[in-house]
Amino acid sequence: MRIGELAKRTGASVKAIRYYESIGLIEPARLDNGYRVFDEHHARAVTEIRELAGLGVSPQRAAPFLECLGLGHEHGDDCVSSLAVYRDTIADLTRMIDALAARRAALRHRLEAGAGRTFTKEQTMTDYTILPEGLPRPEDDGAADHLPGMSVPRLELPTSDGRTLRFADLGRGRTVVYLYPLTGRPGVDLPEGWDAIPGARGCSTEACDFRDHFGDLLAAGAERVYGMSSQDPAYQAEVVDRLRLPFAMISDEGFALADALRLPTFAAAGHDRLYSRLTLIVRDGLIEHVFYPIFPPDAHARQVLDWLERTPA
């Protein structure tokens, strides 16, 4: 067969086959006109080289396996020399893994140190990463249409500052309560498939946006601001401290508010129930306005600020 047919048969590129030839792994026959010709033995050799490469054995180390096949063995690793290559490759991979693990540990240390710092000269995006491109946008499924005009329930929930918040006694004026699924921590993986859930990613960036616009929100007519999720008060207190939030976070581990107001929730890997991202504007005991769905979360505080400025009390 010609080199193009060999490439098609084995899935290798013509360039790769020529490289294998250049380092002595295969040696085609030559026709009188100088064209290379290959046979089934070459196809078996190229397949072996590609399978080894997929396991981390470079073509430069593949010669013992091809020699083993050339001796008539069914498998390229039926010879002791091939097993030695396995051991050497495993040792190399182990060194690489150790080096990468050390780099990861150093990066996590820097990440944890940097994530808790305040930034005085620039607006921050503290979600341990900039929000990835292409996050799915949540659609309005009508799950919050019933909320405007409802009275807030007579619930008492713990807050990150060790106090208890009574929803029915928020006080006069406007209160902003933004609900979110969960806030991640540096070095701790988010639930599997988190980025694929519309509206899930971005809880820490949302918190930082409310932090950075906290003074503006008060100046625009908000009397108080709270964040809220189903995470416990101790976790919330750590988030407030790490992100330097100027407001308390509410903890609703039992989804009492969700049940009382029929708020939208969703499930994710390892979590039977999480709050969907939603913001309530409460005024004098009534829900005056609802933001739902919310996207992008890292600009949501500015959306609330714009609404407050357009809709004076």
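Mentor: Helices are DSSP runs of H or I with at least four residues, strands are DSSP runs of E with at least two, and both are numbered from the N terminus. The model is predicted: local features need pLDDT of at least 70 and side-chain atom pairs count only at pLDDT 80 or more, whereas totals for chains, interfaces and linings use all residues. Residues are numbered from 1 along each chain as its sequence is written, and side-chain values use heavy atoms, with hydrogens and water left out.

Trainee: Which residues of helix α4 are buried?

Mentor: Buried means under 20% relative accessible area, exposed means over 50%, and partly exposed lies in between (1.4 Å probe, protein chains only). In α4, which spans residues 63–70, the buried residues are Pro64, Phe65, Leu66, Cys68 and Leu69.

Trainee: Where is aspartate 78 found, and what is it in contact with beyond its neighbours in sequence?

Mentor: Aspartate 78 is found in the loop between α4 and α5 (80–115). With a relative accessibility of 40%, aspartate 78 counts as partly exposed. Contact means heavy atoms within 4.5 Å; leaving aside neighbours within four places in sequence, aspartate 78 is in contact with Cys68 and His73. Although aspartate 78 and cysteine 68 are ten residues apart along the chain, their C-alpha atoms are separated by 6.8 Å.

Trainee: How do helices α6 and α10 pack, and at what angle?

Mentor: Two packed helices are described by the angle between their axes and the distance between the axes. The axes are lines fitted to C-alpha atoms, for helices over the stretch in contact, and angles run from 0 to 180 degrees between N-to-C directions. Helix α6 (residues 203–212) and helix α10 (residues 300–310) pack at about 40 degrees, with axes 7 Å apart. The two helices are therefore oblique to each other, since angles under 35 degrees count as roughly parallel, over 145 as roughly antiparallel, 65 to 115 as roughly perpendicular and the rest as oblique.

Trainee: Which residues have the most contacts inside the largest nonpolar core?

Mentor: In soluble globular proteins, nonpolar side chains tend to be buried together. A nonpolar core is a set of buried Ala, Val, Leu, Ile, Met, Phe, Trp, Tyr and Cys residues joined through side-chain atoms within 4.5 Å. The largest one has 27 residues, and Phe210, Leu217, Leu245, Phe247, Met249 and Val304 have the most contacts inside it. Helix α10 gives this core its largest share, five residues. Leaving aside neighbours within four places in sequence, the contacts of phenylalanine 247 include Tyr178, Phe210 and Val240.

Trainee: In which sense do β5 and β10 pair?

Mentor: Two strands pair if DSSP finds at least two bridges between them. Strands β5 and β10 pair in the antiparallel sense over six bridges, and threonine 175 stands opposite valine 282 in β10. Strand β10 (residues 278–283) is also joined to β11 (residues 286–291) by five bridges, again antiparallel; here valine 282 stands opposite isoleucine 287. Five of the six residues of β10 are buried. In the hairpin of β10 and β11, with two residues between the strands, aspartate 284 takes a positive phi near 55 degrees.
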